[in-house]
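Visitor: I have some questions about this model. Can we go through the strands and then the ligand?
Guide: Go ahead.

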Amino acid sequence: MRKPKIVILGAGYGGLMTAVRLQKHVGVNEADIVLVNKNDYHYETTWLHEASAGTLHHDKVRYDIRDVIDRNKVEFVQGTVVEIKKDENKVLLENGEIDYDYLVVALGGEPETFGIKGLKEYAFGITNVNSSRQMREHIEYQFATYNMEEEKDENRLTIVVGGAGFTGIEFLGELTNRIPELCHEYDVDSHKVKIICVEAAPTVLPGFDPELVQYAVSTLERKGVEFLIGTAIKEATPEGIIVAKGDEEPREIKAGTVVWAAGVRGSSIIEKSGFEAMRGRVKVQPDLRVPGMDNVFVIGDSSLVINEEINRPYPPTAQISMQQGECCARNIAALIRNKTELETFKFDNKGTVCSLGEHDAIGVVFGKKVTGTKASFMKKMVDNRALYMIGGVGLVFKKGKFNVL
Ligand code: FAD
Ligand code: NAD
């Protein structure tokens, strides 16, 4: 009898977790498993703010996918997905096509620019290894150039961060640690450097615990960040950004670097392939399948799961993506064994920790508030746990964070 073919698109948190769990649950005689990813490496998206600021080398945030999969059970295909032909059970890649019996779409998210003019052209994103490396190098180039030029352009040393959500705040934490190093490396007076965070909502980290928000704001202000709250970025230009606060006249802020960290949407492949979606995210059934499709699962940032307690979607996180990967693997194993009852996905929220640089953080863990080095220690444990869940102790020793003191 022909074995069913399971194809997983994306080797991020959701996709890689599905693959490593499937290789455990499913025997080689039961199914063929294929994992498709653009690069031959997985990157820790949750560490990209460090690679972007330059506090952690980008090679530390990535590892070879083939090192964590069982190659006797999972075939890895390096390829870029162009479209899913869901009516033909086929995936089109830039360099070929793959058919499937069961499909897991785990292609992650993309920056949400809300159609704001100039962002795609002039702002940097904290999106993947390439964008992080480019941003780090751009910032260094600004410092090096400032040092060299005869007529100093001080705007080169202004860095604007759009969005004070978790990504923006974590990036600011790293950046404020990196700036003194850059000033030293490039002989630049630190008083010339400006870091401005522009947040449209009336507060930093909207919806998070106000006491912890205050801790984060005062920590970052002390390290030189200027917050413009209740102020929206309206446009990015080659010289900087245009912002507006309420009914006030829009004004320009000149900056050599603009970082857009103001939210994510699902993968563009979702809409391109004709899935019904909200901002690129498919509202999946409780078993994580696409409504009306028995053989297609969507997980991670491209999926949308409602938190019934507040009737709002869960925020897209690595935590939920990995849990979805585990559930999805169990459900696929059940399907290939002809079981009709599938597991309902239930998110087990273990908390949120937001780093503020190497040795500082804020968080709510198992319902308890934590700050400072204790929170930072927990953040590193969370990061190490993600490695452990996918690659075991070996991966933790290879890539883990042990700078806990
Ligand atoms: P990803 O992990 O992003 O993986 C998607 C994969 O698909 C990638 O390997 C990509 O290369 C591949 N891919 C994309 N398009 C294609 C294509 N067309 N063809 C082939 N392959 C493709 N969440 C937390 O829970 N805790 C945190 O502390 C945390 N910190 C964060 C810090 C930062 C700076 C950022 C940006 C996000 C953070 N998040 C955090 C959110 C978390 O990273 C995402 O929710 C998570 O990465 C989503 O997982 P995913 O599997 O959907 O996608
Ligand atoms: P977000 O949507 O959580 O925050 C984006 C912020 O940008 C919001 O505060 C929003 O008000 C602001 N914004 C939107 N438009 C703006 C504009 N025009 N001008 C100025 N500000 C504007 O997005 P994020 O921070 O990128 O996070 C994405 C997801 O990743 C979230 O689910 C988050 O929980 C998760 N994440 C988690 C962690 C962590 O747990 N430590 C870290 C990073 C990201």
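Visitor: How many bridges join S25 to strand S26, and which way do they run?
Guide: Five bridges join S25 to S26 (residues 361-365), and the two strands run antiparallel. Strands here are DSSP runs of E with at least two residues, and helices are runs of H or I with at least four, numbered from the N terminus. Two strands pair if DSSP finds at least two bridges between them.

Visitor: Before we go on, what are the ground rules?
Guide: This is a predicted model, where local features need pLDDT of at least 70 and side-chain atom pairs count only at pLDDT 80 or more, while totals for chains, interfaces and linings use all residues. Residues are numbered from 1 along each chain as its sequence is written, chains are lettered from A and ligands numbered from 1 in the order in which they are written, and side-chain values use heavy atoms, with hydrogens and water left out.

Visitor: Which residue in S26 is the bridge partner of Val-353?
Guide: Gly-363. For Thr-352, the bridge partner in S26 is Val-364.

Visitor: What phi does Gly-357 take in the hairpin of S25 and S26?
Guide: A positive one, near 115 degrees; that hairpin has five residues between the strands.

Visitor: What is the strand order in the open sheet?
Guide: S25-S26-S27, three strands with antiparallel pairing. S25 (351-355) and S27 (368-371) are the edge strands, each with a single partner, so one side of each has no neighbour in the sheet.

Visitor: Switching to ligand 1. Which residues come nearest?
Guide: Gly-14, Asn-37, Val-81, Asp-301 and Ala-318, out of 29 residues around ligand 1. A residue counts as near if one of its heavy atoms lies within 4 Å.

Visitor: Where are polar atoms close to an oxygen atom of ligand 1?
Guide: A polar side-chain atom of Asp-301 lies 2.7 Å from a ligand oxygen. Backbone N or O atoms do likewise at 3.0 Å for Gln-319 and at 3.2 Å for Tyr-13.

Visitor: How much of ligand 1 does the protein bury?
Guide: 87% of the 1000 Å² that ligand 1 exposes when taken alone; areas come from the Shrake-Rupley method with a 1.4 Å probe.

Visitor: Which elements give two or more residues to the shell?
Guide: Helices H1 (13-25), H5 (166-186) and H8 (318-336). H8 gives the largest share, three residues.

Visitor: Which domains does the shell draw on?
Guide: At least three residues come from each of domain 1 (5-38 + 79-111 + 265-349) and domain 2 (113-262 + 351-405). The bounds come from an automatic or database domain assignment.

Conventions. Polar contact = N/O pair within 3.5 Å; in protein donor to acceptor, adjacent residues only side chain to side chain.
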